[in-house]
Amino acid sequence: MDVKILARQYVKMAIQNLLLPLVYRVRRPKQIEQGLVVFADAHHDSVPPSMEPLVRELKRRGTKKIVEIYDDYQHISFVRLFFRMIHFMNYYARAEYVVICDNFLPVASCKKRSETTVIQLWHGCGAFKKFGYDTQGDIPSFYKGNVYRNYDIVTVSAPGCAPHFQSAMRLPKGVFLPLGVCRTDKYFKKSYQQACRKRFFQMHPDAKGKKVVLWAPTFRGYPSDPKLEQYADILKMREQLPDNIFVIIKVHPHLTKKYPYDNSSLTTDELLPVTDLLITDYSSIIFEYSIYQKPMLFYAPDMEEYGVERGFYLDYRKLPGRIVTMQEELAGEVVRVLAAADGETEDAMTEAFYREYMSACDGSVTKRMADRMGA
């Protein structure tokens, strides 16, 4: 890890372990503020997609006081970081609910009051590659305490995911509830699918009448130092494909500033309804894409190394799609899979995969969450 990044991590840890607990104790009133819901995130400077449906629904119902605190901690000054953490703690000390959707260390900085419920919506569906305490690199070895401390509810996309989340986060079994993932609700709306298709073909008229292939690789590295693999291989594949196939490249949001290689300004969520074939390596996008019951292909030339280094919760060789490990075979396999999808479909594995890892995502997750919060 870069020395500057390491130094920043140590300073943040000192603030979290010493200063923030003090702020919490000083600002803590005798009683919580009933109806106060704090949405907080350290990876976006505006409402994250994983939170947006629930924020919108609670505002629509009008029964809660909503406070939103969003900052990209990797791209703000240290002074702003310092004051924004304190700002959050002022509300944390008296909130009825705190809602996050990714690692958010200020939540774990102190022993919270029991009257405050912390909800972790998480930002991905399913449980694919190992994360948290199940793999090296996710959590710095020098960090003291559980970074997932104080979670009361962690929403997962299906019962089959709960054991993996429990293993990764080292929290009691009852914390992990198969309530679904709020941001998947839109995938079930015909109006959303139609709007995505209309906008896509307006922005990409050359794709009309063609099969759309989406390459969406996993995130690698650290948020402050991301990595992108296989980009050159995908460009070569695109050159080898026939003219009736249109390729979209969409990298992880944490990668876009360092690797501005996307050839569409649409989000990955907006591209999924239009996609005829998804190509990825180890991205959890496969869970969301399984909602559409369309084919996927796994390009994983470093499958063995990645499996040893990172590890999987699933048997990679039993995923619902072909695995390609050699670049020279990639274009031919894309053509073959798309041709098969036009004829005799291979939906059985994808349907079983959806039932196992996405069954709680049914189009009504946001309503279910708002009801549970008493809104």
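**Figure 1. Overall view of the protein chain.** Of the 375 residues of the protein chain, 55% are buried, where buried denotes under 20% relative accessible area, exposed over 50% and partly exposed the range in between (1.4 Å probe, protein chains only). The model is predicted: local features require pLDDT of at least 70, side-chain atom pairs count only at pLDDT 80 or more, and totals for chains, interfaces and linings use all residues. Residues are numbered from 1 along each chain as its sequence is written, and side-chain values use heavy atoms, with hydrogens and water left out. The secondary structure of the protein chain consists of 12 helices and 13 strands; helices (H or I, at least four residues) and strands (E, at least two) are DSSP runs, numbered from the N terminus. The radius of gyration of the protein chain is 21 Å, which agrees with the value near 21 Å for a compact globule of 375 residues; this radius is taken over C-alpha atoms, and the globule rule is 2.2 Å times the number of residues to the power 0.38. Along the principal axes, the C-alpha atoms of the protein chain fill a box of roughly 65 × 45 × 35 Å.

Figure 2. Among contacts between residues at least 6 apart in sequence, 70% join residues at least 24 apart; contact means heavy atoms within 4.5 Å. The protein chain exposes about 17,100 Å², of which carbon and sulfur atoms supply 51%; accessible areas come from the Shrake-Rupley method with a 1.4 Å probe, and for residues only the protein chains shown count as cover. There are 52 positive and 44 negative side chains, and the centres of the two sets lie 9 Å apart. Lys and Arg count as positive and Asp and Glu as negative, while His and the chain ends are not counted; each charge is placed at NZ of Lys, CZ of Arg, CG of Asp or CD of Glu.

Figure 3. Strand E3 (residues 95-100) contains Val98. Val98 counts as buried because its relative accessibility is 0%. Apart from residues up to four places away in sequence, Val98 touches Val38, Phe88, Tyr92, Val107, Thr116, Thr117, Val118 and Ile119. Ala168 is 70 residues from Val98 in sequence, and their C-alpha atoms are 21 Å apart in space.

**Figure 4. Helix H3.** Helix H3 (residues 78-92) has 15 residues and reaches 21 Å from its first C-alpha to its last, close to the 21 Å expected at 1.5 Å a residue; the expected span is 1.5 Å times one less than the number of residues. The buried residues of H3 are Leu81, Arg84, Met85, Ile86, Phe88, Met89, Asn90, Tyr91 and Tyr92. Two of these, Phe88 and Tyr92, are among the residues touched by Val98.

**Figure 5. Helix H10 and its cover.** The end C-alpha atoms of helix H10 (residues 327-342) are 24 Å apart, which agrees with the 22 Å that its 16 residues should span at 1.5 Å a residue. Buried residues in H10 are Gln327, Leu330, Ala331, Glu333, Val334, Val337 and Leu338. An α-helix has 3.6 residues a turn, so residues three or four places apart point the same way. The cover over the buried residues of H10 includes helix H6 (231-240) together with strands E7 (211-215), E10 (245-249), E11 (277-280), E12 (296-299) and E13 (322-324).

**Figure 6. Trp122 and Asn150 in the loop between E4 and E5.** Trp122 lies in the loop between strand E4 (117-120) and strand E5 (153-155), and Asn150 is placed in the loop between E4 and E5. Most residues other than glycine have a negative phi. Phi of Trp122 is positive, near 60 degrees, and that of Asn150 is positive at about 80 degrees. Trp122 is buried, with a relative accessible area of 8%; Asn150 counts as buried at 14% relative accessibility.

**Figure 7. Glu309 in helix H9.** Helix H9 (residues 303-309) includes Glu309. Glu309 counts as exposed because its relative accessibility is 64%. Glu309 and Gly137 are 172 residues apart in sequence, with a C-alpha to C-alpha distance of 9.8 Å.
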